[in-house]
Amino acid sequence: MSQAAFELHDTRRAAVSAIEPDPRVQAADIPPNVLVHLTEFAARQGIASEPWFAGLGITRQQINDPSLRVSYRQARMVISRALRAMRIPALGLLIGRNETIGSFGLLGLAMMTSRHFGEAMSAGIENHKICGSLLDVDFVAIDAHHVGVQAWPRYGDIELLPFLCEELFASCLAIARELVGPAITPIRMEFTYPPPAYASEYTDTFQCEVRFGAQHNRIVIDADWLLQSLPGYNPLVSRQALALCHQQLRGNSPSDEIVVSVERLLRNRLRDHPKLTEVARTLHLSERSLRRRLAESGRIFREIHDRVRAERALELLHAGQLSVAEIGIELGFSDPREFRRAFKRWTGMPPQVARRSLP
């Protein structure tokens, strides 16, 4: 890579890295499922993946240990190295559409034995972290007839967003078809990033309308599918599998859980500019209790709110469809000047500069 290319890369990363680093990126709490899929794909291509793990404190062999957990930092480094080494367009789509419900382990069993597709979908979303998801995922009711699975980049990381969205949504569709049959097809796919050079691969994979530069990353389906009964329904097995999934999730500390809950609530209500009191009430806590539980994790509400807004602003700037003033409204700012000042405080640069510097 030339010096000019290095400088461009550094400039592009500046807007993201200017946000105060989140300490959770170094917490080893993520199952290495995505890394396993990547290395197995590389092995089938005759590509050595051992160098991807150099200097990270983990090895290629160790990721097959079901008890191993990696940090987000370790996972993103391995993925970045894999993408550079393989240089395969649509790699995330290739990996995701070859995943099966067996790839989800206990969660796959809980989904297979659910009463209907909506129940399986809820189980998958509620417990997605035990399968090593590197995106934050939630269910969204879009209107009276459409629902979706929506994803956000974790810790404001938009550099790997195309690969992570490809892998997530291609696997979601593959598993949905395994559960209810090949007839299920999305109404549309939405992605916040610009169309890649291989955008036609998205249409081939999802067989529906694909929108790039959208405000959200999500797969949209007809709500009628939620009531589709599943042939493997077994209430006893489903309860047992879900109980074990919940047990794995409880491995996270309570302080981390409350931070995640606050972040999720803020993301869904940024336009309303929710206050601490409102968030506490929604979480069925007193304001004092919420402050205390956040303090136990070394966090304060304003810092979390600013981070969520900064990350969402960068995502919308990257999408390129909204003006700076419109992005400010999405984040709860009625005055564009107030948003510009806040964004510069978060990142050290004006939003227009950040937009030009993003890839």
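A residue counts as buried at under 20% relative accessible area, as exposed at over 50%, and as partly exposed in between (1.4 Å probe, protein chains only). By that scale Asp138, with a relative accessibility of 16%, is buried. The structure is a predicted model, in which local features need pLDDT of at least 70 and side-chain atom pairs count only at pLDDT 80 or more, while totals for chains, interfaces and linings use all residues. Residues are numbered from 1 along each chain as its sequence is written, and side-chain values use heavy atoms, with hydrogens and water left out.

**Salt bridges: rule and total**

- Side chains of opposite charge can pair when their charged atoms come close.
- A salt bridge is taken here as a side-chain nitrogen of Lys or Arg within 4 Å of a carboxyl oxygen of Asp or Glu.
- Under this rule the model contains 20 salt bridges.

**Asp138 and Arg264**

- Asp138 and Arg264 form a salt bridge through their side chains, with an N to O distance of 3.7 Å.
- Asp138 belongs to strand E1 (residues 135-141) and Arg264 to helix H10 (residues 254-268), so this pair ties together parts that are 126 residues apart in sequence.
- Helices (H or I, at least four residues) and strands (E, at least two) are DSSP runs, numbered from the N terminus.
- Whereas Asp138 is buried at 16%, Arg264 is partly exposed, its relative accessible area being 32%.

**Arg211 and Glu209**

- A salt bridge links Arg211 to Glu209, and their closest N and O atoms lie 2.8 Å apart.
- Both partners are partly exposed: the relative accessible area is 35% for Arg211 and 41% for Glu209.

- Arg292 pairs with Glu296 in a salt bridge whose closest N and O atoms are 3.1 Å apart.
- The two residues both sit in helix H12 (residues 287-296), four residues apart, which is about one turn of the helix.
- Arg292 is partly exposed, with 46% relative accessible area.

**Surroundings of Leu265**

- Leu265 is located in helix H10 and is buried, at 9% relative accessibility.
- Leaving aside residues up to four places away in sequence, Leu265 touches Val279, Thr282 and Leu283; contact means heavy atoms within 4.5 Å.
- Cys165 lies 100 residues from Leu265 along the chain, and the C-alpha atoms of the two are separated by 21 Å.
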